[in-house]
Amino acid sequence: MESRMTRVIRSPSTLAAALVLIAPLVAAPSLAQEIKAGQIVITAPFARATPAGAQVAGGYLTIVNGGQTPDRLVSLTADISARPELHEMKMENGTMIMRQLEKGIPLPPGAKVELKPGGLHLMFMSITRQLKPGESVRATLEFEKAGKVDVVFPVVPIGGQAPMAGHGSHKAH
């Protein structure tokens with residue numbers, strides 16, 4: 001004898017509805033990453049989609065220095081950019097300015113540094129293609145002490161926020 005649950009799930013329309021509701025819950029954790037390199041932990045990397053013809057794109061993430069010594073994010077390379085840069089946006093004399101951080105981004109011991117829209121961020125200059133939601137950007141971040149770390153930045157819609165924190169993990173290469 002079939003249980004009521006079995007009969008409900010066998011219904012094609014009920015099964016389709018269940019999959020639509022469950023799919024985002026199953027897929028969301030795979031979007032988030034936690035990448036460790038020595039005492040450096042990188043979480044929630046993402047890039048925003050760009051309009052057609054855009055020449056630049058932004059990359060965002062959170063970096064925690066869990067060590068006892070300072071480190072510094074000094075540079076990066078990216079598969080979509082001929083000239084990726086480390087940038088800062090800030091208010092100066094009542095005007096929002098953006099500038100390249102040629103000496104990198106300091107990471108004091110125990111610090112959590114957020115690279116986010118309107119503040120510190122990665123700037124992918126002279127991008128080679130339009131970024132579309134669901135795609136990804138591959139980059140290598142270089143730290144003064146932790147060395148090179150490969151990071152995948154999922155592309156979210158224009159104006160979108162970081163993917164939810166999840167259980168994914170990558171090791172430094």
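Reader: Is Arg-129 buried, partly exposed or exposed?
Author: Arg-129 counts as partly exposed, because its relative accessibility is 31%, where buried means under 20% relative accessible area, exposed means over 50%, and partly exposed is in between (1.4 Å probe, protein chains only). Please keep in mind that this is a predicted model, in which local features need pLDDT of at least 70 and side-chain atom pairs count only at pLDDT 80 or more, while totals for chains, interfaces and linings use all residues. Residues are numbered from 1 along each chain as its sequence is written, and side-chain values use heavy atoms, with hydrogens and water left out.

Reader: Which side chain meets Arg-129 in a salt bridge?
Author: That is Glu-135, with 2.8 Å from N to O; a salt bridge here is a side-chain nitrogen of Lys or Arg within 4 Å of a carboxyl oxygen of Asp or Glu. Glu-135 is partly exposed, with a relative accessible area of 30%.

Reader: How many salt bridges does a search of the whole structure find?
Author: The search finds five, and among them is one between Arg-99 and Glu-88, whose closest N and O atoms are 2.7 Å apart. Arg-99 lies in strand S6 (residues 95–100) and Glu-88 in strand S5, so the pair ties together parts that are 11 residues apart in sequence; strands are DSSP runs (E, at least two residues), numbered from the N terminus. Glu-88 is buried at 17%, whereas Arg-99 is partly exposed at 38%.

Reader: And what does Arg-83 pair with?
Author: Arg-83 forms a salt bridge with Glu-85, at 3.0 Å between the closest N and O atoms. Glu-85 counts as buried at 9% relative accessibility, while Arg-83 is partly exposed at 43%.

Reader: Switching to Ser-81, what does its side chain reach?
Author: The side chain of Ser-81 reaches the backbone oxygen of Met-125 at 2.6 Å, and a polar atom of that side chain lies 3.1 Å from the backbone nitrogen of Arg-83. Ser-81 lies in strand S5 (residues 81–92), and Ser-81 counts as buried because its relative accessibility is 9%.

Reader: Last one: which residues touch the most other members of the largest nonpolar core?
Author: They are Ile-42 and Leu-122, in a core of 32 residues, a nonpolar core being a set of buried Ala, Val, Leu, Ile, Met, Phe, Trp, Tyr and Cys residues joined through side-chain atoms within 4.5 Å.

Conventions
Helix = DSSP H or I, 4+ residues; strand = E, 2+ residues; numbered from the N terminus. Polar contact = N/O pair within 3.5 Å; in protein donor to acceptor, adjacent residues only side chain to side chain.
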